[in-house]
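This report describes the strands, helices and ligand surroundings of the model shown below.

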Amino acid sequence: MKDWLKALPKVELHLHIEGSLEPELMFALAERNGIALPYASVKEVRAAYDFSDLQSFLDLYYQGMAVLRTTDDFNDLAIDYFRRAQAEGVVHVELSFDPQAHLSRGIGFDVQIEGLTRAMRHAEREWGLSTALIMSFLRDKPAEDAMAVLEQAEPYLELIDAVGLDSAESGNPPSKFTEVFARAKALGLPRVAHAGEEGPASYISEALDVLDVCRIDHGVRCLEDQELVARLRETQIPLTVCPLSNVRLKVVERIQDHPLPALLDAGLKLTLNSDDPAYFGGGVLDNYLSCEQAFGWDKATFITMARNAIEVAFMDEGRRQVLLAKLEDYSQAA
Ligand code: HPA
Ligand SMILES: [Zn+2]
């Protein structure tokens with residue numbers, strides 16, 4: 001099954017590119033930029049990744065990304081991830097980035113976007129990997145800051161496929177960003193948002209009602225509201241679920257306790273993703289494998305997950321048809 005899951009054409013819809021920074025690259029970039037790290041070794045970094053909740057992770061996530069300073073750094077970060085992703089059978093990646101977390105360190109928007117989009121072009125050329133870019137707003141910062149970033153992004157809108165909402169969820173409801181998301185919509189940008197990871201089910205409803213999102217990142221707490229579950233089933237709004245992330249951030253205690261089987265039983269449109277692979281113990285394939293081990297899902301279930309992701313990805317219709325056909329061929333051979 002491992003080989004079969006590896007060769008299954010998989011799509012990654014929920015990936016924070018800054019969360020793909022492996023300790024080895026963190027050290028290399030720190031040296032290149034003359035930055036001192038608070039760790040003596042790669043081993044020490046990995047040992048520090050013992051999180052009690054989302055905030056304890058975010059503290060290290062923002063600390064780690066401080067090694068990213070130049071266009072080359074952003075390029076190298078994304079190339080490093082794309083190389084690993086394609087090697088584990090990922091055929092399309094939607095990477096989100098957190099411009100505010102870099103602007104606040106004096107790193108220009110142009111530096112970030114030029115580095116990331118150079119890597120995206122390289123991935124398409126070198127590995128035939130298609131990509132999309134999601135610009136995420138930090139929900140624990142004022143909405144005015146997000147609006148300012150959106151304004152700054154306007155010259156680059158051609159390069160941005162959607163906007164998102166991430167960082168500390170509790171106490172930062174989607175409605176805080178009503179105007180920002182309305183502006184993004186007016187600019188023609190599709191919208192997604194993290195909701196129902198640590199925050200309540202009502203944040204998922206709010207993201208749908210107020211931000212008019214087309215996908216929910218995480219969304220696992222929807223099960224606390226059966227009316228919402230019915231709505232998600234009827235509309236087939238996709239959830240980008242990240243099981244290993246949920247274990248590492250103690251949203252659930254063990255993978256066996258994860259609500260994925262209940263979400264599946266409820267008829268929801270689910271996809272499997274990695275979130276922050278360098279911090280949570282693995283990429284997309286590891287997330288698929290952990291579900292196989294925990295829930296014993298059959299091939300048909302994994303094919304459905306992979307197909308869901310292709311169906312709801314931000315990709316052109318030609319590419320979507322190619323990937324659907326590729327998946328169909330693969331499932332026939334199964
Ligand atoms: O898992 C996450 N949740 C919220 N914000 C984030 N930013 C990076 N990863 C995450
Ligand atoms: Zn996330």
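Two strands are taken to pair if DSSP finds at least two bridges between them. Helices (H or I, at least four residues) and strands (E, at least two) are DSSP runs, numbered from the N terminus.

The model is predicted, with local features needing pLDDT of at least 70 and side-chain atom pairs counting only at pLDDT 80 or more, while totals for chains, interfaces and linings use all residues. Residues are numbered from 1 along each chain as its sequence is written, and chains are lettered from A and ligands numbered from 1 in the order in which they are written.

## Annotated domain

An unreviewed UniProt entry lists residues 9-329 as "domain: Adenosine deaminase". UniProt positions follow the numbering used here, feature names are shortened, and annotations may be inferred rather than shown by experiment. The C-alpha atoms at the ends of residues 9-329 are 10 Å apart, and the span is 51% helix and 13% strand.

## The sheet β1 to β4

Strands of a sheet pair through backbone hydrogen bonds, either parallel or antiparallel. An open sheet of four strands has the order β1-β2-β3-β4, with parallel pairing. Its edge strands, β1 and β4 (162-166), each pair on one side only. From one strand to the next, the twist averages 30 degrees; angles run from 0 to 180 degrees between N-to-C directions, and axes are lines fitted to C-alpha atoms, for helices over the stretch in contact.

Strand β1 comprises residues 10-16 and contains H14. The parallel strands β1 and β2 (residues 90-97) are joined by five bridges, and H16 has S96 in β2 as its bridge partner. Helix α7 packs on this sheet, where it touches β2 and β3 (130-138), and its direction makes about 155 degrees with that of β3.

## The helix pair α5 and α7

Helix α7 (residues 109-127) also meets helix α5 (residues 71-87): their axes come within 7 Å and cross at roughly 35 degrees. The crossing is right-handed, a term for the near helix being turned clockwise from the far one by less than a right angle, with anticlockwise giving left-handed.

Residues are in contact if their C-beta atoms, placed from the backbone, lie within 7 Å. Contact residues in α5 include F74, I79 and F82, and those in α7 include L116, M120 and W127. The contact divides into 10 nonpolar, six polar and four charged residues. Here Ala, Val, Leu, Ile, Met, Phe, Trp, Tyr, Cys and Pro count as nonpolar, Asp, Glu, Lys and Arg as charged, and the others, Gly among them, as polar.

## The sheet β5 to β8

A further open sheet has four strands in the order β5-β6-β7-β8, also paired in parallel. Strands β5 (192-195) and β8 (270-272) form its edges, each pairing on one side only. On average, neighbouring strands are turned by 30 degrees against each other, direction ignored. Three bridges link β7 (residues 239-241) to β8 in the parallel sense, and T240 has T271 as its partner in β8.

Helix α10 (residues 201-209) lies across β5 and β6 (215-218) and runs at about 165 degrees to β5. Helix α16 (residues 299-312) lies across β6 and β8, at about 100 degrees to β8.

The residues around ligand 1 (C-beta atom, placed from the backbone, within 6 Å) are H16, G19, L54, Y61, D166, S167, H194, E197, S245, D275 and D276. This shell has two nonpolar, five polar and four charged residues.

The unreviewed UniProt entry places the feature "binding site" at H14, H16, H194 and D275. These positions are spread over 262 residues of sequence but cluster in space, with a largest C-alpha distance of 11.7 Å.

Key. Two residues are in contact if their C-beta atoms, placed from the backbone, lie within 7 Å.
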